[in-house]
Amino acid sequence: MSLLKNILNFQSVLGVLANMFLLFFYTVIILVHRFKPMDLMSCQLTFVHIVMVLTGGDLWLTDVFESLNFENDFKCKVTFYISRVTRGLSICITCLLSVFQAVTISPNTSLLAKFKHKLKTYTTNAFFYIWSLNLSFSSSCIFYVGGFTNVSESNQMKVTKYCSIFPMNYITRALILTVITSRDVFLVGVMLTTSAYMVIILFRHQRQCKHLHSISHLRASPEKRATQTILLLVVVFVVMYWVDFIISSTSVLLWKYNPVILTVQKFVMNAYPTITPLVQISSDNRIINMMKNLWSMCHPISL
């Protein structure tokens, strides 16, 4: 159990540091340089992932609330609410990234081409709806979570050392699970559909390039690299999401949480926020060039 805790702590530290570096980079790009709509989406996703990792491992908010002498019940409601909001924002923004890139690389003869000239406006409106819906939708969970007590202990499902989910009737439990599942299945379905569409476009483009040029002269365009990055993020997200969903659904339906299973679930939940910035850093030429310039400034080549 201690080994799992150490792995979870290492993962959390790595995820926070990588996302903070990426957030700093996107903030500079947005404030100083000319940025793309995808930079704005990636910046928001990075911020969400920082909060998601910090609350997912109970590493930061727990210490803050304890130092401020907040009641345990209030602390549990806040951390649980923030974790639900960030989880919803993560899947929504990832889905939006996938749709945005699919529209961006779509041929001018396709049905999606007519949305290209209004893509920035649609993206801005999507941000407003995404944040509003997730902030309001997740508010219902605060009524069913609170500080763990020894009173009626058998009726509470302990999800952390100090927090538990209070008992709810079967209809309410099934309704909440159905609404959340429907939302997530729809978004995952959109991601898979747009990903399949992008794979088809990349395959056709690759085949045309091989027909016109030799393979040795092929170079990946920025659009192609961005598409491949998003495809990789979607695959990682879908795999980690379904593992988390199976664990969560089984635990809620059986009304039982095992400490080891809970730690494994936290590791799975933090896997996507940790992998995402590493993939983005390694695939963005702007970041790579910036790091090379910093390296050359710190280590000038002597003649």
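The protein chain has 9 helices and 3 strands. Keep in mind that this is a predicted model. If you read along the sequence, the order of elements is α-α-α-α-α-β-β-β-α-α-α-α. Of the 303 residues in the protein chain, 42% count as buried. Among contacts with a separation of 6 or more, 75% are between residues 24 or more positions apart. Hold on to that last figure, as we'll meet some of those pairings below.

Now to your helix. Helix α1 covers residues 2-32. The UniProt record, an unreviewed entry, places a "transmembrane region" at residues 12-33, and it lists others at 85-105, 126-147, 185-203 and 229-255.

Let's start with α1 and α2. Their axes come within 9 Å and cross at roughly 150°. Angles over 145 degrees count as roughly antiparallel, so α1 is roughly antiparallel to α2. The crossing of these two helices is left-handed. On the α1 side, the contact is made by S12, V16, N19, M20, L22, L23, Y26, T27, I29 and I30. Facing them from α2 are D39, L40, S42, C43, T46, F47, H49, I50, V53 and L54. Sorted by class, the residues of this α1 and α2 contact divide into 13 nonpolar, 6 polar and 1 charged.

Next comes α8, which covers residues 259-283. Here α1 and α8 pack at an angle of about 30°, with their axes 8 Å apart. Angles under 35 degrees count as roughly parallel, so α1 and α8 are roughly parallel to each other. Once again the crossing is described by its hand: α1 passes α8 in a left-handed crossing. The contact of α1 with α8 has 15 nonpolar, 8 polar and 2 charged residues.

You can pick out one residue here to see how the chain folds back. K5 sits in helix α1. K5 and K266 are 261 residues apart in sequence, yet their C-alpha atoms are 10.0 Å apart in space. With a relative accessible area of 38%, K5 is partly exposed.

What about α2 and α8 themselves? Helix α2 (residues 37-56) and helix α8 pack at an angle of about 145°, with axes 10 Å apart. α2 passes α8 in a left-handed crossing. From α2, the residues that make the contact are S42, L45, T46, H49, M52, V53 and G56. From α8 they are K266, M269, N270, Y272, P273, T276 and Q280. Counted by class, this contact of α2 with α8 has 6 nonpolar, 7 polar and 1 charged residues.

T86 lies in helix α4, and T86 touches V48, V51 and M52, leaving out residues up to four places away in sequence. Is T86 buried or exposed? At 5% relative accessibility, T86 counts as buried.

D73 counts as partly exposed, at 30% relative accessibility. Not counting residues up to four places away in sequence, D73 touches V145, G146, G147 and F166. D73 and I142 are 69 residues apart in sequence and 10.0 Å apart in space, C-alpha to C-alpha. The stretch at residues 126-147 is 55% helix and 14% strand, with its end C-alpha atoms 35 Å apart. Compare that with residues 185-203, where the span is 100% helix and 0% strand, and the end C-alpha atoms lie 27 Å apart.

K116 is in the loop between α4 (72-105) and α5 (119-137). At 28% relative accessibility, K116 counts as partly exposed. Leaving aside neighbours within four places in sequence, K116 is in contact with V103, T104, S106 and N108. K116 and F100 are 16 residues apart in sequence and 9.1 Å apart in space, C-alpha to C-alpha.

Methods: Residues numbered from 1 in each chain as written. Predicted model: local features only at pLDDT ≥ 70, side-chain atom pairs only at ≥ 80, totals over all residues. Heavy atoms only, no water. UniProt positions renumbered as here; feature names shortened; annotations may be inferred. Helix = DSSP H or I, 4+ residues; strand = E, 2+ residues; numbered from the N terminus. Axes fitted to C-alpha atoms, helices over the stretch in contact; angles between N-to-C directions. Left-handed = near helix turned anticlockwise from the far one by under 90°. Contact = heavy atoms within 4.5 Å. Nonpolar A, V, L, I, M, F, W, Y, C, P; charged D, E, K, R; others polar. Parallel < 35°, antiparallel > 145°, perpendicular 65-115°, else oblique. Buried < 20%, exposed > 50% of the residue type's maximum accessible area, 1.4 Å probe, protein only.
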